[in-house]
Amino acid sequence: MSNFFNIKRFGNYLAYDLNKAFSNYGLSALISGLIPVIMFTFYELFSLTLKHSLLPMSTAARFMAFLIVSAIFMISAPTKIYGSITDKRAGSDWLMMPVSSFERFLSMMLILCIILPLAFFVLFFGSDFLLSVIAPVNYGDTVFYNGIKEILSYLSNSEFNDAVALRPACFFIPWLEWCVLTLSFALGAIWFKDRKVAKTILVGVGIGIVFSLLVALLSNFISINPFKNLDNLTPLFAQRMTNLAINLRYILSFGILLPLIYLRIRTLKQ
(Lines give C-alpha, C1' and ligand atoms only; values in the text may rest on other atoms or scores of the structure.)
Protein backbone atom coordinates (compact mmCIF):
# COMPACT_ATOMS: atom_id res chain seq x y z
CA MET A 1 0.00 0.00 0.00
CA SER A 2 1.39 3.41 -0.97
CA ASN A 3 2.61 5.57 1.89
CA PHE A 4 1.88 8.70 -0.14
CA PHE A 5 -1.66 8.19 -1.45
CA ASN A 6 -4.16 5.37 -1.45
CA ILE A 7 -7.66 6.05 -2.77
CA LYS A 8 -9.47 3.72 -0.34
CA ARG A 9 -7.55 4.98 2.68
CA PHE A 10 -8.09 8.56 1.58
CA GLY A 11 -11.82 7.98 1.11
CA ASN A 12 -12.13 6.63 4.64
CA TYR A 13 -10.16 9.54 6.06
CA LEU A 14 -12.17 12.11 4.08
CA ALA A 15 -15.38 10.62 5.49
CA TYR A 16 -13.91 10.88 9.00
CA ASP A 17 -12.76 14.44 8.37
CA LEU A 18 -16.19 15.44 7.05
CA ASN A 19 -17.87 13.94 10.10
CA LYS A 20 -15.47 15.86 12.34
CA ALA A 21 -16.14 19.08 10.43
CA PHE A 22 -19.89 18.55 10.77
CA SER A 23 -19.57 17.90 14.51
CA ASN A 24 -17.39 20.95 15.11
CA TYR A 25 -19.00 23.41 12.71
CA GLY A 26 -22.27 21.98 11.46
CA LEU A 27 -24.54 24.12 13.67
CA SER A 28 -22.55 27.28 12.94
CA ALA A 29 -22.73 26.56 9.20
CA LEU A 30 -26.49 26.00 9.41
CA ILE A 31 -27.03 29.28 11.26
CA SER A 32 -24.83 31.12 8.77
CA GLY A 33 -26.75 29.70 5.84
CA LEU A 34 -30.10 30.67 7.39
CA ILE A 35 -29.07 34.27 8.08
CA PRO A 36 -31.41 35.62 5.34
CA VAL A 37 -34.39 33.97 7.06
CA ILE A 38 -33.29 35.07 10.53
CA MET A 39 -32.55 38.64 9.48
CA PHE A 40 -35.74 39.03 7.45
CA THR A 41 -37.87 37.60 10.28
CA PHE A 42 -36.46 40.02 12.87
CA TYR A 43 -36.65 42.92 10.44
CA GLU A 44 -40.35 42.36 9.81
CA LEU A 45 -41.05 41.77 13.51
CA PHE A 46 -39.48 45.14 14.33
CA SER A 47 -41.39 46.72 11.45
CA LEU A 48 -44.67 45.40 12.82
CA THR A 49 -43.79 46.53 16.33
CA LEU A 50 -42.55 50.02 15.47
CA LYS A 51 -44.36 50.88 12.22
CA HIS A 52 -47.38 48.56 12.56
CA SER A 53 -46.85 47.24 9.03
CA LEU A 54 -44.52 45.03 7.01
CA LEU A 55 -41.81 47.00 5.22
CA PRO A 56 -39.60 46.03 2.26
CA MET A 57 -36.03 45.10 3.13
CA SER A 58 -33.24 46.91 1.29
CA THR A 59 -30.94 45.03 -1.06
CA ALA A 60 -27.93 46.85 0.41
CA ALA A 61 -28.66 45.49 3.91
CA ARG A 62 -28.99 41.95 2.60
CA PHE A 63 -25.79 42.24 0.57
CA MET A 64 -23.88 43.60 3.59
CA ALA A 65 -25.20 40.71 5.67
CA PHE A 66 -23.92 38.28 3.03
CA LEU A 67 -20.44 39.86 3.07
CA ILE A 68 -20.24 39.91 6.87
CA VAL A 69 -21.48 36.35 7.32
CA SER A 70 -19.15 35.10 4.57
CA ALA A 71 -16.15 36.76 6.25
CA ILE A 72 -17.06 35.31 9.65
CA PHE A 73 -17.55 31.88 8.07
CA MET A 74 -14.17 31.97 6.30
CA ILE A 75 -12.35 33.11 9.44
CA SER A 76 -14.00 30.86 12.01
CA ALA A 77 -14.43 27.59 10.10
CA PRO A 78 -10.73 26.64 9.75
CA THR A 79 -10.07 27.37 13.42
CA LYS A 80 -13.07 25.43 14.75
CA ILE A 81 -12.49 22.45 12.45
CA TYR A 82 -8.67 22.14 12.48
CA GLY A 83 -7.49 24.35 15.32
CA SER A 84 -7.55 21.47 17.82
CA ILE A 85 -4.71 19.60 16.11
CA THR A 86 -2.19 21.86 17.87
CA ASP A 87 -3.55 20.67 21.24
CA LYS A 88 -1.58 17.88 22.81
CA ARG A 89 -4.35 15.29 23.19
CA ALA A 90 -6.38 16.01 20.04
CA GLY A 91 -3.22 16.50 18.01
CA SER A 92 -1.76 13.20 19.16
CA ASP A 93 -4.95 11.38 18.19
CA TRP A 94 -4.90 13.11 14.80
CA LEU A 95 -1.25 12.18 14.18
CA MET A 96 -1.85 8.54 15.16
CA MET A 97 -4.33 8.01 12.34
CA PRO A 98 -2.88 5.72 9.62
CA VAL A 99 -2.93 8.21 6.74
CA SER A 100 -0.21 10.10 4.92
CA SER A 101 0.53 13.80 5.25
CA PHE A 102 -0.60 14.35 1.67
CA GLU A 103 -3.96 12.68 2.36
CA ARG A 104 -4.49 14.91 5.41
CA PHE A 105 -3.56 17.93 3.32
CA LEU A 106 -5.80 16.97 0.39
CA SER A 107 -8.76 16.31 2.68
CA MET A 108 -8.30 19.71 4.31
CA MET A 109 -8.17 21.44 0.92
CA LEU A 110 -11.32 19.69 -0.32
CA ILE A 111 -13.28 20.53 2.81
CA LEU A 112 -12.16 24.15 3.17
CA CYS A 113 -12.09 25.16 -0.50
CA ILE A 114 -14.87 23.09 -2.10
CA ILE A 115 -17.24 21.37 0.33
CA LEU A 116 -17.62 24.18 2.90
CA PRO A 117 -18.16 27.02 0.41
CA LEU A 118 -20.55 24.85 -1.59
CA ALA A 119 -22.55 24.02 1.54
CA PHE A 120 -22.59 27.66 2.63
CA PHE A 121 -23.67 28.99 -0.77
CA VAL A 122 -26.38 26.34 -1.13
CA LEU A 123 -27.80 27.15 2.32
CA PHE A 124 -27.50 30.93 2.05
CA PHE A 125 -28.70 31.35 -1.51
CA GLY A 126 -31.27 28.59 -1.07
CA SER A 127 -32.92 30.41 1.85
CA ASP A 128 -32.43 33.68 -0.03
CA PHE A 129 -34.26 32.25 -3.05
CA LEU A 130 -37.10 30.81 -0.96
CA LEU A 131 -37.69 34.19 0.68
CA SER A 132 -37.75 35.89 -2.72
CA VAL A 133 -40.47 33.42 -3.81
CA ILE A 134 -42.48 33.50 -0.57
CA ALA A 135 -42.28 37.27 0.03
CA PRO A 136 -41.45 38.88 -3.34
CA VAL A 137 -42.84 42.31 -2.37
CA ASN A 138 -41.08 42.79 0.97
CA TYR A 139 -37.96 40.73 0.26
CA GLY A 140 -37.39 41.39 -3.44
CA ASP A 141 -35.00 39.62 -5.77
CA THR A 142 -32.25 37.37 -4.45
CA VAL A 143 -28.86 38.72 -3.42
CA PHE A 144 -27.24 36.55 -6.09
CA TYR A 145 -29.44 37.92 -8.87
CA ASN A 146 -28.94 41.51 -7.76
CA GLY A 147 -25.19 41.00 -7.49
CA ILE A 148 -24.88 39.54 -10.99
CA LYS A 149 -27.09 42.31 -12.36
CA GLU A 150 -24.92 45.01 -10.78
CA ILE A 151 -21.68 43.45 -12.05
CA LEU A 152 -22.98 43.13 -15.61
CA SER A 153 -24.42 46.65 -15.48
CA TYR A 154 -21.11 48.08 -14.32
CA LEU A 155 -19.14 46.26 -17.00
CA SER A 156 -21.54 47.20 -19.80
CA ASN A 157 -21.52 50.89 -18.76
CA SER A 158 -17.81 51.09 -18.09
CA GLU A 159 -15.58 53.00 -20.49
CA PHE A 160 -13.55 49.80 -20.62
CA ASN A 161 -16.44 47.65 -21.73
CA ASP A 162 -14.34 46.24 -24.57
CA ALA A 163 -12.24 44.39 -22.00
CA VAL A 164 -14.49 41.35 -22.23
CA ALA A 165 -11.86 39.05 -20.73
CA LEU A 166 -12.64 40.59 -17.36
CA ARG A 167 -16.21 39.30 -17.33
CA PRO A 168 -15.63 35.57 -16.75
CA ALA A 169 -13.09 36.41 -14.02
CA CYS A 170 -15.78 38.22 -12.05
CA PHE A 171 -17.53 34.90 -11.40
CA PHE A 172 -14.37 33.06 -10.26
CA ILE A 173 -12.79 35.78 -8.15
CA PRO A 174 -15.22 35.42 -5.18
CA TRP A 175 -14.39 31.71 -4.89
CA LEU A 176 -10.66 32.37 -5.23
CA GLU A 177 -10.89 35.08 -2.57
CA TRP A 178 -12.74 32.60 -0.35
CA CYS A 179 -9.91 30.09 -0.79
CA VAL A 180 -7.15 32.62 -0.08
CA LEU A 181 -8.80 33.94 3.08
CA THR A 182 -9.83 30.51 4.36
CA LEU A 183 -6.42 28.98 3.73
CA SER A 184 -4.73 31.94 5.45
CA PHE A 185 -6.71 31.27 8.61
CA ALA A 186 -6.25 27.51 8.21
CA LEU A 187 -2.49 28.07 8.23
CA GLY A 188 -2.85 30.20 11.36
CA ALA A 189 -5.10 27.57 12.97
CA ILE A 190 -2.54 24.78 12.57
CA TRP A 191 0.52 26.96 13.18
CA PHE A 192 -0.29 28.93 16.34
CA LYS A 193 -0.99 27.28 19.67
CA ASP A 194 -3.45 29.91 20.93
CA ARG A 195 -5.16 33.16 19.89
CA LYS A 196 -5.08 31.78 16.39
CA VAL A 197 -7.40 34.28 14.67
CA ALA A 198 -5.84 37.36 16.31
CA LYS A 199 -2.29 36.24 15.53
CA THR A 200 -3.21 35.39 11.93
CA ILE A 201 -4.73 38.85 11.44
CA LEU A 202 -1.65 40.52 12.94
CA VAL A 203 0.68 38.53 10.69
CA GLY A 204 -1.47 39.37 7.66
CA VAL A 205 -1.43 43.08 8.49
CA GLY A 206 2.34 42.95 9.00
CA ILE A 207 2.91 41.20 5.67
CA GLY A 208 0.67 43.75 3.92
CA ILE A 209 2.62 46.67 5.40
CA VAL A 210 5.99 45.16 4.50
CA PHE A 211 4.84 44.33 0.97
CA SER A 212 3.48 47.85 0.42
CA LEU A 213 6.75 49.38 1.63
CA LEU A 214 8.79 47.11 -0.64
CA VAL A 215 6.65 47.99 -3.67
CA ALA A 216 6.96 51.71 -2.88
CA LEU A 217 10.73 51.47 -2.43
CA LEU A 218 11.13 49.45 -5.63
CA SER A 219 8.99 51.91 -7.62
CA ASN A 220 11.03 54.81 -6.26
CA PHE A 221 14.32 53.04 -6.93
CA ILE A 222 13.57 52.32 -10.60
CA SER A 223 11.70 55.63 -11.03
CA ILE A 224 8.33 54.19 -12.01
CA ASN A 225 5.32 56.50 -11.88
CA PRO A 226 2.17 54.32 -12.10
CA PHE A 227 -0.02 57.40 -12.75
CA LYS A 228 2.10 58.85 -15.53
CA ASN A 229 0.19 57.54 -18.55
CA LEU A 230 -3.35 57.27 -17.18
CA ASP A 231 -4.64 59.73 -19.78
CA ASN A 232 -3.50 57.39 -22.56
CA LEU A 233 -4.87 54.23 -20.92
CA THR A 234 -6.66 51.98 -23.43
CA PRO A 235 -9.21 49.22 -22.73
CA LEU A 236 -6.83 46.56 -24.03
CA PHE A 237 -3.97 47.75 -21.83
CA ALA A 238 -6.31 47.97 -18.81
CA GLN A 239 -7.50 44.43 -19.51
CA ARG A 240 -3.96 43.08 -19.70
CA MET A 241 -2.76 44.87 -16.57
CA THR A 242 -5.81 43.82 -14.57
CA ASN A 243 -5.51 40.19 -15.65
CA LEU A 244 -1.78 40.26 -14.88
CA ALA A 245 -2.38 41.68 -11.41
CA ILE A 246 -5.12 39.12 -10.70
CA ASN A 247 -2.99 36.21 -11.90
CA LEU A 248 0.07 37.34 -9.93
CA ARG A 249 -2.00 37.77 -6.78
CA TYR A 250 -3.39 34.25 -6.85
CA ILE A 251 -0.18 32.60 -8.03
CA LEU A 252 1.71 34.20 -5.14
CA SER A 253 -1.06 33.55 -2.60
CA PHE A 254 -1.53 29.87 -3.42
CA GLY A 255 2.18 29.39 -4.09
CA ILE A 256 2.90 30.48 -0.51
CA LEU A 257 -0.11 29.15 1.41
CA LEU A 258 -0.35 25.62 0.00
CA PRO A 259 3.31 24.62 0.57
CA LEU A 260 3.31 26.14 4.07
CA ILE A 261 0.13 24.27 5.06
CA TYR A 262 1.52 20.99 3.70
CA LEU A 263 4.87 21.58 5.41
CA ARG A 264 3.15 22.27 8.73
CA ILE A 265 1.04 19.12 8.45
CA ARG A 266 4.08 17.05 7.53
CA THR A 267 6.28 18.35 10.35
CA LEU A 268 3.64 18.68 13.10
CA LYS A 269 4.66 16.89 16.28
CA GLN A 270 3.26 16.76 19.80
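Against which helices do the buried residues of H1 pack?

1. The model is predicted: local features need pLDDT of at least 70 and side-chain atom pairs count only at pLDDT 80 or more, whereas totals for chains, interfaces and linings use all residues. Residues are numbered from 1 along each chain as its sequence is written, and side-chain values use heavy atoms, with hydrogens and water left out.

2. The buried residues of H1 pack against helix H2 (35-50), helix H3 (59-82), helix H4 (88-96) and helix H5 (101-134). Among them are Arg9, Phe10, Asp17, Lys20 and Tyr25. Buried means under 20% relative accessible area, exposed over 50%, and partly exposed in between (1.4 Å probe, protein chains only). Helices are DSSP runs (H or I, at least four residues), numbered from the N terminus.

3. Helix H1 (residues 7-33) has 27 residues, yet its end C-alpha atoms are only 32 Å apart, short of the 39 Å that a straight helix would reach at 1.5 Å a residue. The expected span is 1.5 Å times one less than the number of residues. H1 bends by about 65 degrees at Tyr25, the bend being the angle between axes fitted to the seven residues ending there and the seven starting there. Tyr25 is also one of the buried residues of H1.

4. H1 and H2 pack with their axes 5 Å apart, at an angle of about 55 degrees. The two helices are therefore oblique to each other; angles under 35 degrees count as roughly parallel, over 145 as roughly antiparallel, 65 to 115 as roughly perpendicular and the rest as oblique. Axes are lines fitted to C-alpha atoms, for helices over the stretch in contact, and angles run from 0 to 180 degrees between N-to-C directions. Ile31, Ser32 and Gly33 in H1 meet Ile35, Pro36 and Ile38 in H2, where contact means heavy atoms within 4.5 Å.

5. Thr267, in helix H10 (residues 235-267), is partly exposed, with a relative accessible area of 41%. Thr267 and Ser101 are 166 residues apart in sequence and 8.9 Å apart in space, C-alpha to C-alpha. Ser101 lies in helix H5 and counts as buried at 18% relative accessibility. Not counting residues up to four places away in sequence, Ser101 touches Tyr262, Ile265 and Arg266.

6. Arg195 lies in the loop between helix H8 (166-191) and helix H9 (196-221). Arg195 is exposed, with a relative accessible area of 68%.
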